[in-house]
Amino acid sequence: MRKYRIRGGNRISGVLRVGGGKNAALPILAATLLAEGESIIHNCPDIADIRFSVEILRHLGCRVNFEENTLNVNATNITNAKLPTDLVCKMRSSILFMGALLGRCREVEIASPGGCQIGARPIDLHISGFQKMGVSITENGDLMHAKSPSLTGAWIYLRDVSVGATENLLLAAVLAEGETVLVNAAREPEIVDLAKFLISMGANIRGAGTSTLKIMGVKRLQAATHRIMPDRIVTGTYLLAAAMTRGDLTLTHVNPYDISAVTAQLRTMGCQITEHPAQIRLHAPHRLTAIPHLITEAHPGFPTDMQAPFVAALATAKGTSVVEERIFEARAAHATELNRMGARIILAADNRVFVIKGREKLYGTSVNSHDLRGGAAMVLAALAAEGETIVHDPGYIARGYDDIAGALCAVGGDVGEVNLS
Ligand code: UD1
């Protein structure tokens with residue numbers, strides 16, 4: 001079982017290159033199924049969730065090559081519309097293959113998807129949207145069978161803003177008959193990146209990045225080449241590593257505009273930030289200061305995926321912070337782990353509100369990762385803590401961070417990976 005051994009206290013300073021975004025790459029890999037021929041995807045992060053997706057694509061009949069962050073996917077022969085249950089259960093975003101297979105094959109069989117345990121994470125919005133497009137869905141135990149001989153465009157109002165439902169419906173709509181309108185769509189930059197790829201395949205999409213998406217279905221798409229956008233959450237995580245250790249870090253190959261909600265909060269905490277078109281520098285001259293009230297929201301609000309890393313940072317800040325999780329109802333397990341390192345975090349309102357009394361010091365101990373971003377939060381806390389921390393990780397962190405230990409060591413961190421039972 002993988003563990004990270006981190007000796008805290010070193011400043012995180014220097015220059016790091018940020019890779020492509022997991023949450024952009026996953027729907028784009030599903031989108032490669034929509035056309036015959038070979039799509040080429042550059043800047044693909046080499047992380048566990050991408051490896052799972054590659055296995056799913058191969059299982060469906062694609063020829064896939066993944067080398068040096070470039071993926072070649074030849075989806076000419078789709079031989080199977082049944083998604084492998086073991087892989088689907090490992091990764092919630094495998095639900096996105098549902099929209100892509102409905103678009104390409106008009107049929108799909110899929111088990112209930114898994115993923116990090118951060119709440120109920122239902123898929124009702126995906127299902128009701130597909131049904132509006134004429135898809136009939138039958139359930140047999142944990143397996144869903146969805147079929148639509150005539151996939152048709154529809155006017156779909158999404159009750160809640162959902163990144164996954166917006167992407168899934170978009171993937172089906174590009175090859176449906178007629179027009180689909182998605183109202184109250186998510187506006188995340190990853191959706192814009194997916195739309196860019198689909199448009200380069202020949203799709204007709206208007207409004208990506210706004211809350212109304214209009215998609216006119218086309219008969220056929222062709223394979224295309226695309227470069228994945230930078231990872232916003234990895235960018236934010238490494239900025240926090242510097243912020244918490246009074247470091248001075250420059251990140252390259254990033255898009256500062258996409259993480260404005262995060263940098264605004266880092267400035268509130270006392271960090272000096274300089275932005276260039278594809279570069280961002282953070283200098284933290286003093287101990288961080290508290291944030292009176294931080295709320296997670298859909299884009300362009302503050303991202304829920306940065307909540308746990310910020311809670312870790314605020315645990316070391318001067319003053320009392322309040323952080324409110326409004327997207328997922330069970331994203332709080334990191335609070336208990338941080339408290340074991342000496343943090344003073346009280347959970348309120350069904351574990352959705354964190355009241356954090358910042359402490360000058362946290363202390364190294366043995367802590368657990370309960371989910372991907374919660375695990376990253378523990379690594380950050382350990383970098384700032386006194387002494388040695390062992391972060392136990394049943395495979396979460398590697399799902400979203402490409403060699404986090406190597407990256408942090410390159411900028412002054414003392415992070416080792418150990419395999420202990
Ligand atoms: C995506 C991201 C994840 C991020 C999340 C919110 C990927 C691969 N993952 O997850 O990192 O934390 O967006 O920014 O891109 N909901 C429903 N019914 C549905 C679908 C969602 O009620 O059918 C609810 C969810 O329970 C949650 C909220 O909507 O409370 C937002 O979830 P959603 O945006 O769908 O998250 P994901 O797409 O799973």
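In the largest nonpolar core, which has 76 residues, Ile50, Leu71, Met98 and Leu198 touch the most other members. A nonpolar core is a set of buried Ala, Val, Leu, Ile, Met, Phe, Trp, Tyr and Cys residues joined through side-chain atoms within 4.5 Å; buried means under 20% relative accessible area, exposed over 50% and partly exposed in between, with a 1.4 Å probe and protein chains only. Helix α1 (residues 22-31) gives the most to this core, seven residues. A second, separate core has 69 residues, including Ile233, Val234, Phe302 and Ala317. In soluble globular proteins, nonpolar side chains tend to be buried together.

The model is predicted: local features need pLDDT of at least 70 and side-chain atom pairs pLDDT 80 or more, while totals for chains, interfaces and linings use all residues. Residues are numbered from 1 along each chain as its sequence is written, and side-chain values use heavy atoms, without hydrogens and water.

Not counting residues up to four places away in sequence, Ile50 touches Ala25, Leu26, Leu29, Cys44, Pro45, Phe66 and Leu71, where contact means heavy atoms within 4.5 Å.

Asp49 lies in helix α2 (residues 48-60); helices are DSSP runs of H or I with at least four residues, numbered from the N terminus. Asp49 counts as buried because its relative accessibility is 2%. Its side chain makes a polar contact of 2.8 Å with the side chain of Arg399. A polar contact is a pair of N or O atoms within 3.5 Å; within protein, one must be able to donate a hydrogen and the other to accept it, and residues adjacent in sequence count only if both atoms are side-chain atoms. Leaving aside neighbours within four places in sequence, Asp49 is in contact with Lys22, Leu26, Met91 and Arg399.

The ligand is surrounded by 20 residues, each with a heavy atom within 4 Å of it. Asp124, Leu125, Ser162, Asp305 and Ile327 are the closest. By class, this shell has seven nonpolar, six polar (Gly counts here) and seven charged residues (Asp, Glu, Lys and Arg). Helices α5 (124-132) and α6 (163-173) each supply at least two shell residues, and α5 has the largest share, three.

| Residue | Protein atom | Distance to a ligand oxygen atom |
|---|---|---|
| Asn23 | polar side-chain atom | 3.0 Å |
| Ser162 | side-chain N or O atom | 2.6 Å |
| Ile327 | polar backbone atom | 2.6 Å |

The protein covers 86% of the 740 Å² of accessible area that the ligand has on its own, by the Shrake-Rupley method with a 1.4 Å probe.
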